[in-house]
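Subject: Structure handover

Hi,

Here is the structure for you to look at. My notes follow below it.

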Amino acid sequence: MRRVESIKQTTQNKFLNMYELDMKSDTGKHSTYFVASRAKTTEELKIKTRQNKADGVIIYSVYRDEKEKKEKLVLIRQYRCPLDDYIYEFPAGLVDEGEDFKMAGMRELKEETGLDFQPIDAADMYTKPYFTTIGMTDESCGTVYGYASGVPSKEGQEENEEIEIVLADKAEVRRILKEENVAIMCAYMLMHFLNTPEGHVFDFLQERI
């Protein structure tokens with residue numbers, strides 16, 4: 001079994017850093033592995049803490065369109081530098097120091113979309129932090145679920161954000177999956193939404209034996 005022998009931090013950035021791991025195999029061979037992390041120091045890496053604390057939060061929210069009598073998912077279409085293009089995602093963001101990820105979800109939805117968020121209760125297995133892309137980063141995100149209300153607005157968005165607010169019904173979700181760039185975590189939930197009867201979008205959160 002390979003083991004981490006030493007860790008070297010190679011960048012000092014606010015939101016994302018690179019770490020160089022010296023790995024040793026059970027035969028004694030050394031190799032180098034590179035990890036991106038939200039951790040600001042080596043001691044904050046999950047390798048060190050052995051705790052899965054949420055770095056970010058994803059917001060799965062439903063907007064009830066009373067005029068059209070439809071349930072719509074709140075999505076964002078955001079410009080992402082690694083693609084030099086736009087991609088569809090759920091509203092999401094980083095958890096601030098000392099902030100619970102569920103509180104962060106309410107804050108982030110308001111900032112990114114201008115909508116108010118009413119969370120619903122869900123079992124820990126549906127909300128707890130899960131790892132995003134473990135082959136390259138130790139980042140993990142919790143998930144919050146609930147209903148969004150109000151009027152969409154970009155007023156709370158940061159200057160460096162290019163975000164379009166999207167309220168997507170099933171027809172639009174189907175088009176997005178067929179034609180657009182979509183983040184994989186978002187894509188799986190969109191597929192789930194397509195196969196959920198109207199009025200039962202959160203039934204899957206009921207814990208069953």
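Is Glu 139 buried or exposed? Glu 139 is buried: its relative accessible area is 13%, and the cut-off for buried is under 20%. Bear in mind that this is a predicted model.

First, the surroundings of Glu 139. This residue sits in a loop. The Glu 139 side chain has two partners to check. One is Arg 38, with a side-chain to side-chain polar contact of 2.8 Å. The other is Thr 132, whose side chain makes a polar contact with that of Glu 139 at 3.1 Å. Setting aside neighbours within four places in sequence, the residues in contact with Glu 139 are Arg 38, Asp 55, Tyr 130, Phe 131 and Thr 132.

Second, a helix pair. Helix H4 covers residues 170–179 and helix H5 covers residues 184–194. They pack at an angle of about 140°, and their axes are 10 Å apart. That angle makes H4 oblique to H5, because only angles over 145 degrees count as roughly antiparallel. The H4–H5 crossing is left-handed.

Which residues meet there? From H4, they are Lys 170, Val 173, Arg 174, Ile 176 and Leu 177. From H5, they are Ala 187, Leu 190, Met 191, Phe 193 and Leu 194. By class, the H4–H5 contact has eight nonpolar residues, two charged ones and no polar ones.

Best wishes

How values were computed:
Residues are numbered from 1 along each chain as its sequence is written. This is a predicted model: local features need pLDDT of at least 70, side-chain atom pairs count only at pLDDT 80 or more; totals for chains, interfaces and linings use all residues. Side-chain values use heavy atoms; hydrogens and water are left out. Helices (H or I, at least four residues) and strands (E, at least two) are DSSP runs, numbered from the N terminus. Buried means under 20% relative accessible area, exposed over 50%, partly exposed in between (1.4 Å probe, protein chains only). A polar contact is a pair of N or O atoms within 3.5 Å; within protein, one must be able to donate a hydrogen and the other to accept it, and residues adjacent in sequence count only if both atoms are side-chain atoms. Contact means heavy atoms within 4.5 Å. Axes are lines fitted to C-alpha atoms, for helices over the stretch in contact, and angles run from 0 to 180 degrees between N-to-C directions. Angles under 35 degrees count as roughly parallel, over 145 as roughly antiparallel, 65 to 115 as roughly perpendicular and the rest as oblique. A crossing is left-handed if the near helix is turned anticlockwise from the far one by less than a right angle, and right-handed if clockwise. Ala, Val, Leu, Ile, Met, Phe, Trp, Tyr, Cys and Pro count as nonpolar, Asp, Glu, Lys and Arg as charged, and the others, Gly among them, as polar.
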